[in-house]
Amino acid sequence: MHWEHFLLLLKGEEQKVCEQELWEAREGNSDAIQFRLFKIPWKFIPSRHDRDQTSRGVLRHPSPLQLPYSHLQLIFQGDLGPFNPGLPVEVPVWLAISLKQRQKCRLIPPEWMDVEKLEEIRDQERKEDTFTPMPSPYYMELTKLLLNYASDNIPKADEIRTLVKDTWDTRMAKLRLSADSFVRQQEAHAKLDNLTLMEINTIGTFLTQALDHMYKLRTNLQPSGSAESQDF
Amino acid sequence: MCWSTSGDSLCLSLFVQGSKLEIPMWLAKGLHDSKRRLISVELPKIYKEAWRTVFSADANVVDLHKMGPYYYGFGSQLLNFDNPENPEIAQTILQTFISRFRRIMDSSQNAYNEDTSSLVARLDELERALFQAGQKGLNDFQCWEKGQASQITVSSLVQNYGKRKFTEMDG
């Protein structure tokens, strides 16, 4: 069993803790091992091997270990890199923010995060009655994260913030208009394309509750056979 | 012979047939029986013809809180009593809700960190609950935008735990 493969990824205190956990785990049955593996804290640690150009993203269990529930063995893993100074590399957002907070990198904004492009989107949003497809289904989240943590890497950050906010306001207004006409016409269902989750969640609770109430009021219109159907 | 209420207690007493009495809704509902005709129910004025036309003209101007803060709920219960005007009442209640919906949505989704008492003053209880839901959506969004959503805060339950004194613990 290649436990050492694990331990190279950790340092200091964590290494001691994990050694202990793994040692004890070896004595138990496979369920105990499984459980203990989940208890080991996750860390992102660059590989200690010089020959390794890539950084190992997360903990993995050593392969010779045969465990049941194989779909649970890999919690998550990935290889990222190679990280060479001066050359851009694509990484997940959480890693980019984390490294930026430690002042180890410079972020390059996505290509839609640009004043002209966003002005185009905003104008189109204002012109159309339907929702324009947004460059990213997470445009609000990305804007917020990047402008909060990496505004120095983004040209005209304030303008971008204003443009995104304007687009958001227009979309929310359209959403409310849609909701109102949906309720007025007492439709059974509606379909709205190109909405993002953030917009849906902001209005979702309100809208679903209102529609529930409306449904109950509508069932009042049916002549009732028994008193129960009128219960509110 | 009929039930009557005096203060908080119910007592049996002799009643002249045809007299009018105010009784709670649950009692009226229990006594109601379309076959035996023990009681007949008179509609509160807000559900009658005159007010119904006011609602259909413009439902937004009505102070629903003053008019009985449970307009929708009570109105729905009223439909139990086999009144010939029931379809119109049901329709009016529904249409009132629909016309007032827009205003509730707009005001609840736009009033951030403000005193909302003037906005909810004329809403009935059901609409106030909806207003709260809209405010919650708005507040959660603002909280996320300010970055407070990912901050770990002490749970209010934990904050209320008193610290146990050493002497209280078992030795």
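Is Pro69(B) buried, partly exposed or exposed, and at what relative accessibility? Point 5 returns to this residue.

1. Basis of the note. This is a predicted model, in which local features need pLDDT of at least 70 and side-chain atom pairs count only at pLDDT 80 or more, while totals for chains, interfaces and linings use all residues. Residues are numbered from 1 along each chain as its sequence is written, chains are lettered from A and ligands numbered from 1 in the order in which they are written, and side-chain values use heavy atoms, with hydrogens and water left out.

2. Chain A. This chain holds 8 helices and 2 strands; helices (H or I, at least four residues) and strands (E, at least two) are DSSP runs, numbered from the N terminus. Read from the N terminus, its elements follow the order α-α-α-β-β-α-α-α-α-α. Of the 232 residues in chain A, 35% are buried, where buried means under 20% relative accessible area, exposed over 50% and partly exposed in between (1.4 Å probe, protein chains only). When contacts in chain A between residues at least 6 apart in sequence are considered, 61% join residues at least 24 apart; contact means heavy atoms within 4.5 Å.

3. Chain B. Here there are 7 helices and 2 strands, and from the N terminus on the order is β-β-α-α-α-α-α-α-α. Buried residues account for 33% of the 171 residues in chain B. For contacts in chain B between residues at least 6 apart in sequence, 59% join residues at least 24 apart.

4. Helix packing in chain A. Helix H6 (residues 139-149) and helix H7 (residues 157-184) of chain A pack at an angle of about 155°, with their axes 11 Å apart. H6(A) is therefore roughly antiparallel to H7(A). Angles under 35 degrees count as roughly parallel, over 145 as roughly antiparallel, 65 to 115 as roughly perpendicular and the rest as oblique. Axes are lines fitted to C-alpha atoms, for helices over the stretch in contact, and angles run from 0 to 180 degrees between N-to-C directions. The residues that meet include Tyr139(A), Met140(A) and Leu147(A) from H6(A), and Ile160(A), Val164(A) and Trp168(A) from H7(A). By class, this contact of H6(A) with H7(A) has 7 nonpolar, 2 polar and 2 charged residues. Ala, Val, Leu, Ile, Met, Phe, Trp, Tyr, Cys and Pro count as nonpolar, Asp, Glu, Lys and Arg as charged, and the others, Gly among them, as polar.

5. Pro69(B) is placed in the loop between helix H2 (49-57) and helix H3 (71-78) of chain B. Because its relative accessibility is 28%, Pro69(B) counts as partly exposed. Apart from residues up to four places away in sequence, Pro69(B) touches Leu64(B), Asp124(B) and Glu125(B). The C-alpha atoms of Pro69(B) and Glu127(B) are separated by 9.6 Å, although the two residues are 58 residues apart along the chain. Glu127(B) belongs to helix H6 (residues 125-145) of chain B and counts as buried because its relative accessibility is 0%. Beyond its neighbours within four places in sequence, Glu127(B) is in contact with Leu64(B), Tyr72(B), Arg100(B), Ile104(B) and Arg122(B).

6. Helix packing in chain B. Helix H4 (residues 86-110) of chain B packs against H6(B) at an angle of about 35°, with the axes 8 Å apart. Glu127(B) takes part in this packing, among the H6(B) residues that meet H4(B) residues such as Arg100(B) and Ile104(B). The contact of H4(B) with H6(B) has, by class, 6 nonpolar, 6 polar and 2 charged residues.

7. Contact between the chains. Chain A contributes 29 residues to the contact and chain B contributes 34 residues. Between them the chains bury about 2,900 Å², 69% of it on carbon and sulfur atoms; buried area is the accessible area (1.4 Å probe) that two parts lose on being put together, summed over both. On the chain A side, Arg176(A), Phe206(A) and Leu217(A) lose the most area to chain B, together 24% of what that side buries.

8. Two loop residues. Gln186(A) lies in the loop between H7 and helix H8 (197-219) of chain A, and has a positive phi of about 55° although it is not a glycine. Setting aside its neighbours within four places in sequence, Gln186(A) is in contact with Met214(A) and Arg218(A), and also with Leu94(B), Gln95(B) and Ile98(B). Asp82(B), in the loop between H3 and H4 of chain B, has a positive phi near 50° and is likewise a residue other than glycine.
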